[in-house]
Amino acid sequence: MRRRRLALLLITAVLGAALYFRPYQVQGSSMEPVYFDGDWVLSVPLWGEPERGDLVIFGAPDGSGRSMKRIAGLPGESAQTIWQSLASSPERPSVETSTTIWGSESEGPPDLPQGSYFLLGDHLADSIDSRHCGPVQHA
């Protein structure tokens, strides 16, 4: 009887974990030096509102599957606020802002729509992110 309960508890725990944790394999170098191509990450569902600096896994804007990026801008923030917070971050390299990038000075400082986030890869030189695709809508 005791073994049966233990086995049932173990099966329940394994099935619960399988439904809760989602494996994701990092593709490319956009998240280096924290995560490298081929690394595996276990993600969990988001509870509450995401914060600046959180890592998120989402459907890539180009439809190529899932992508992992870091939240750099929050709903309602202006592009100017986002660029200033990035410029003042000592661990981040400088962020290029040109006429082809969302929220650059030539476009004016648009606000992020409600429910949208500005996402960046950690390796800015090799990341296709919100600088190129614009804000990402929270699902």
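Biologist: What makes β4 largely enclosed by the rest of the structure?

Modeller: Count its buried residues. Buried means under 20% relative accessible area. In this predicted model, 6 of the 8 residues of β4 are buried, so the strand is largely enclosed by the rest of the structure.

Biologist: How do you know how far to trust β4, residues 66-73?

Modeller: Look at pLDDT, the predictor's confidence on a scale from 0 to 100. Among the elements of the chain, β4 has the highest mean, 91. The lowest mean belongs to α2, at 74.

Biologist: Why does a low value matter?

Modeller: Where pLDDT is low, predicted coordinates should not be read in detail.

Biologist: What makes β3 and β4 a pair of strands?

Modeller: Pairing takes at least two bridges. β3, residues 55-59, and β4 have 5 bridges, in the antiparallel sense. So the pair meets the rule of at least two. Take two of the contacts. L55 has R70 in β4 as its bridge partner. I57 has M68 in β4.

Biologist: What lies between β3 and β4 in their hairpin?

Modeller: There are 6 residues between the strands. In this hairpin G63 takes a positive phi near 75°.

Biologist: How do you know that β4 also pairs with β5?

Modeller: Again the test is at least two bridges. β4 and β5 are joined by 3, and they run antiparallel. G73 stands opposite F118 in β5.

Biologist: Why are β3 and β6 called edge strands?

Modeller: The open sheet has 4 strands in the order β3-β4-β5-β6, with antiparallel pairing. β3 and β6 each pair on one side only. That makes them the edges.

Biologist: What makes the 9 residues of the largest nonpolar core a core?

Modeller: A core is a set of buried nonpolar residues joined through side-chain atoms within 4.5 Å. The largest such set consists of A72, A79, I82, W83, L86, L112, F118, L120 and L124. Two elements, α2 (79-87) and β5 (116-120), each supply at least two residues. α2 gives the most, with 4. Apart from this core lies another, of 6 residues, including V56, F58, I71 and L119.

Biologist: Why is G134 called buried?

Modeller: The cut-off is under 20%. G134 has a relative accessible area of 9%, so it is buried. G134 is found in the loop between α3 (130-133) and β6 (136-137). From G134 to L119 is 15 residues in sequence and 8.6 Å in space, C-alpha to C-alpha.

Biologist: Why is the pair of Y20 and F21 called edge-to-face?

Modeller: Ring centres must lie within 6.5 Å, and planes over 60 degrees apart count as edge-to-face. For Y20 and F21 the centres are 5.1 Å apart and the planes make 85°. The structure holds 1 aromatic pair.

Technical notes: Residues are numbered from 1 along each chain as its sequence is written. This is a predicted model: local features need pLDDT of at least 70, side-chain atom pairs count only at pLDDT 80 or more; totals for chains, interfaces and linings use all residues. Side-chain values use heavy atoms; hydrogens and water are left out. Buried means under 20% relative accessible area, exposed over 50%, partly exposed in between (1.4 Å probe, protein chains only). Rings of Phe, Tyr and Trp (its six-membered ring) pair if their centres lie within 6.5 Å; planes under 30 degrees apart count as stacked, over 60 as edge-to-face and the rest as tilted.
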